[in-house]
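Visitor: I would like to learn how to read the features of a structure like this one. Please take me through it step by step.

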Amino acid sequence: MPWAEPEPGAAPRRLQAWAPEDWPVAAGWEDVVQDFLASEEGLRLADFMRSRIAQGAVIYPPHPLRALELTPLAGVHAVVLGQDPYHGPGQAHGLAFSVAEGVKLPPSLRNIFKELGTSPASGSLVEWARSGVLLLNASLTVEDGQSASHAKKGWEALTDRLLARVAATASPCVYLLWGAHAQAKSALIEQAAARHGRDILVLQTNHPSPLSAARPPVPFLGSGCFRQAREWLAERGVTGVF
């Protein structure tokens, strides 16, 4: 069954087992996910994940494919690409940069809302996901307290395929690439979109982390990336995103 938001103050949730069959995805994603799981990279990732769980590793989030559950491919009009999930207890819930209800906002997310000019009661970006923003991390799991601990274990083979599918299908679509890690995917996106004649806008800035948000070469704060995205989409008849 679909994974539900934990109640504020509830015990932190973690990944209990490698069970992709229990992680629902919306229309448009299933064949990409199934092809990956049957691939050499997917089988290698499954072995790694089962091994870490058996060794007692605390892994987040409990539903790694949640971004694909909430945002059907046909509804995607924006993509925000992160690196990997938050690694603090109770933070990650399967959406890039988002935190579960009742969790204190991490610094990067505070800067995202600062650039948006809003002061939300919650750091959950579930409504973004439901309105057509694919909030995708390059690596979809992480171990407690260990940033990038599951990087280069196989997830990137799936998320690259997902990005290529979006670029070949979604139109119009805005890609917000914050920081060098996300920007490294720009060629993949632009080439796939060009091959299929898709109407896209790629916006690149520094990462919203306090370490880089206000620094050159392209500061995130003051970039107007959300305004540009909304205006560009509105010109093409798409509203209600961000």
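This is a predicted model: local features need pLDDT of at least 70, side-chain atom pairs count only at pLDDT 80 or more; totals for chains, interfaces and linings use all residues.

Guide: Start with burial: in H6, the buried residues are Trp155, Glu156, Leu158, Thr159, Leu162, Leu163, Val166, Ala167 and Ala168.

Visitor: How many residues does helix H6 have, and what span does it reach?

Guide: H6 runs over residues 155-169, which is 15 residues, and its first and last C-alpha atoms are 21 Å apart, close to the 21 Å expected at 1.5 Å a residue.

Visitor: How should I read a nonpolar core, and which residues touch the most other members here?

Guide: In soluble globular proteins, nonpolar side chains tend to be buried together. Here the largest nonpolar core has 72 residues, and Val166, Phe226 and Phe242 touch the most other members. Leaving aside residues up to four places away in sequence, Val166 touches Trp29, Leu73, Val76, Val79, Leu134, Cys173 and Tyr175.

Visitor: How many salt bridges does a search of the whole structure find?

Guide: The search finds ten salt bridges. A pair counts when a side-chain nitrogen of Lys or Arg is within 4 Å of a carboxyl oxygen of Asp or Glu. Arg161 and Glu41 form one of them, with the closest N and O atoms 3.7 Å apart. Arg161 lies in helix H6 and Glu41 in helix H2 (residues 40-54), so this pair ties together parts that are 120 residues apart in sequence. Arg161 is partly exposed at 30% relative accessibility, and Glu41 is partly exposed at 28%.

Visitor: Where do Lys185 and Asp160 lie?

Guide: Their side chains meet in a salt bridge at 2.8 Å, N to O. Lys185 is in the loop between helix H7 (180-183) and helix H8 (186-195), while Asp160 is in helix H6, so the pair ties together parts 25 residues apart in sequence. Lys185 is buried, with a relative accessible area of 14%, whereas Asp160 is partly exposed at 24%.

Visitor: Is Asp84 buried or exposed?

Guide: Buried means under 20% relative accessible area; Asp84 has 16% relative accessibility and therefore counts as buried. Asp84 lies in the loop between strand E2 (78-82) and helix H4 (107-116). An unreviewed UniProt entry places the feature "active site" at Asp84.

Visitor: What does the side chain of Asp84 reach?

Guide: The Asp84 side chain reaches the backbone nitrogen of Ala148 at 2.5 Å. Not counting residues up to four places away in sequence, Asp84 touches Asn137, Ser139, Val142, Ser147, Ala148 and Ser149.

Definitions and conventions: Residues are numbered from 1 along each chain as its sequence is written. Side-chain values use heavy atoms; hydrogens and water are left out. UniProt positions are given in the numbering used here, feature names are shortened, and annotations may be inferred rather than shown by experiment. Helices (H or I, at least four residues) and strands (E, at least two) are DSSP runs, numbered from the N terminus. Buried means under 20% relative accessible area, exposed over 50%, partly exposed in between (1.4 Å probe, protein chains only). Contact means heavy atoms within 4.5 Å. A polar contact is a pair of N or O atoms within 3.5 Å; within protein, one must be able to donate a hydrogen and the other to accept it, and residues adjacent in sequence count only if both atoms are side-chain atoms. A nonpolar core is a set of buried Ala, Val, Leu, Ile, Met, Phe, Trp, Tyr and Cys residues joined through side-chain atoms within 4.5 Å. The expected span of a helix is 1.5 Å times one less than its number of residues.
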